[in-house]
Amino acid sequence: MNLARTTATARRVLAQLRHDPRTIALLLVVPCLLLTLLRFMYDGQPQAFDRVGAALLGIFPLLVMFLVTSVAMLRERTTGTLERLLTMPLGKLDLLLGYALAFGVVALVQAALASALTLGLLGLDVAGPTWLLFAVALGDGLLGMALGLLVSAFAATEFQAVQFLPAVILPQLLLCGLFVPRDSMASGLRGLSDVLPLSYAVDAMTRITTTAGTGGPLLRDLAVIAGSALLALALGAATLRRRTA
């Protein structure tokens, strides 16, 4: 990895985002609007919002980051930008880490806005440290970004990239414990949920809302989220191709 090339890639991606207000709105505004809508859905039921709102604080940014990064990286290939970049002394890891750095900055802002809104105006009550809620929301955004970069290598068109959303994210959403406690699932489904990173994201948010302080299970959840993001980036570098087949 070359730090100068990585930061140059990150600056280029951020410059592109700065001139795309619709993508910025999708990344920063839409998660906040969805959380606000959820709060009004549970108006008069603060305990229900505390239970569901924290989990969705991590899920909404993950969904949005997955969608935007998968389409953005695919566009690099379909427009020939990636092929031109890789003819220069720019490694695949430099490129992906540059994207990760750029969208990591966006995920940081996204998590800060969503966490401040949820804990402030929307009145989410958490038993644990509020900074941990922010950390998990940030980790979930980075995980969505890494998964989006990974699946972009397997799509030939932007439409196919969008199709990976129900294929990759929705099964995790159904099995993460948001709708049915994972302990109540059939053994096969419980075993499958144990290897899906979104399950640990929801578990971490649930622990923060119900338990004061930090403990081994929460740190394990954070480690799994971070490790899954790093693994997705490594696999993305290994499968990255210059152009769409």
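**Figure 1. The largest nonpolar core of the predicted model comprises 64 residues.** Inside this core, the residues with the most contacts are Leu27, Leu56, Ile59, Phe103, Leu133 and Leu178. A nonpolar core is here a set of buried Ala, Val, Leu, Ile, Met, Phe, Trp, Tyr and Cys residues joined through side-chain atoms within 4.5 Å. Two or more residues each come from α1 (3–18), α2 (21–41), α3 (46–78), α5 (92–119), α6, α7 (158–175), α9 (197–210) and α10 (216–239). The largest contribution, 14 residues, is that of α3. In soluble globular proteins, nonpolar side chains tend to be buried together. The model is predicted: local features need pLDDT of at least 70 and side-chain atom pairs count only at pLDDT 80 or more, while totals for chains, interfaces and linings use all residues. Residues are numbered from 1 along each chain as its sequence is written, and side-chain values use heavy atoms, with hydrogens and water left out.

**Figure 2. Contacts of isoleucine 59, one of the residues with the most contacts inside the core.** Isoleucine 59 is in contact (heavy atoms within 4.5 Å) with Leu173, Cys176, Leu178, Leu198 and Val202, leaving aside neighbours within four places in sequence. Leu178 is likewise among the core residues with the most contacts.

**Figure 3. Leucine 147 in helix α6 (residues 130–151).** Leucine 147 counts as buried because its relative accessibility is 13%; buried means under 20% relative accessible area, exposed over 50% and partly exposed in between, with a 1.4 Å probe and protein chains only. Not counting residues up to four places away in sequence, leucine 147 touches Phe66, Ile169, Gln172 and Ala232.

**Figure 4. The overall fold, with 10 helices and 0 strands.** Along the sequence the pattern is α-α-α-α-α-α-α-α-α-α. Helices (H or I, at least four residues) and strands (E, at least two) are DSSP runs numbered from the N terminus. The C-alpha trace spans about 55 × 40 × 30 Å along its principal axes. Of the 245 residues, 48% count as buried. Among contacts with a separation of 6 or more, 78% join residues 24 or more positions apart.

**Figure 5. Charges of the protein, 18 positive and 13 negative.** Their mean positions are 11 Å apart. Lys and Arg count as positive and Asp and Glu as negative, without His and the chain ends; each charge is placed at NZ of Lys, CZ of Arg, CG of Asp or CD of Glu.
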